[in-house]
Amino acid sequence: MPVSSKSAPAVEEVDTSYLETLMGYNATRASLKVIELFSKRMAVYDLRHVDFSILSLITHNPGITSRQLCGALSILPPNLVGKIVTLEKRKLVHRKPHPQDGRAVGLYLTDAGQALMRDAEGTAVDLETEATQRLSAAEKKTLMRLLQKIYR
């Protein structure tokens, strides 16, 4: 039964102390802050998080297979197929036969994809610097290590 506004005092300051004891709450809040910056900055490249992640892995792993991408990013194969097709249509990615496995296909960036990723990865570094400006270099390193410890 709702409490009458006459008997309940108005909330002056929201108490988030319990939520702030939860890892998920804190991780989500931090993630949302970074994602907000990321989305705004990557809009100029027409890249969303998953697109950037796919292109970055191809950038640093030329010839990576779709199976390897799925494993690294925890993406289901049917969900990756459309992403790759879209990146191919944008002329950012192309496929070549895998040098060791005749059944597999390696993914590579085109010249346009390489140029886009040079700019986009530079932007990512800048936005992460901005998002973590309140942390010391040691704190950033520790935070990164601890976050990776949770998901690896």
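**View 1. The side chain of Thr110 reaches the backbone oxygen of Lys91 in this predicted model.** The distance between the two is 2.5 Å. To find Thr110, look in the loop between strand 3 (105–109) and helix 5 (111–131). Is Thr110 buried or exposed? With a relative accessible area of 16%, Thr110 is buried, because buried means under 20%. Leaving aside residues up to four places away in sequence, Thr110 touches Lys91, Leu92, Val93 and His94.

**View 2. Lys40 and Glu36 form a salt bridge.** Side chains of opposite charge can pair when their charged atoms come close. Here the closest N and O atoms are 3.3 Å apart. Both residues belong to helix 1 (residues 23–42), and because they are four residues apart, about one helical turn separates them. Lys40 is exposed, at 57% relative accessibility, while Glu36 is partly exposed, at 42%.

**View 3. Glu130 meets Arg41 in a salt bridge.** The N to O distance is 2.5 Å. This pair links distant parts of the chain: Glu130 sits in helix 5 and Arg41 in helix 1, 89 residues apart. Glu130 is partly exposed, with a relative accessible area of 34%, and Arg41 is also partly exposed, at 28%.

**View 4. Asp46 and Arg90 join two loops through a salt bridge.** Their side chains meet at 4.0 Å, N to O. Asp46 lies in the loop between helix 1 and helix 2 (49–60), and Arg90 in the loop between helix 4 (77–89) and strand 2 (93–97), 44 residues apart. Asp46 is exposed, at 52% relative accessibility, whereas Arg90 is partly exposed, at 30%.

Key:
Residues are numbered from 1 along each chain as its sequence is written. This is a predicted model: local features need pLDDT of at least 70, side-chain atom pairs count only at pLDDT 80 or more; totals for chains, interfaces and linings use all residues. Side-chain values use heavy atoms; hydrogens and water are left out. Buried means under 20% relative accessible area, exposed over 50%, partly exposed in between (1.4 Å probe, protein chains only). A polar contact is a pair of N or O atoms within 3.5 Å; within protein, one must be able to donate a hydrogen and the other to accept it, and residues adjacent in sequence count only if both atoms are side-chain atoms. Contact means heavy atoms within 4.5 Å.
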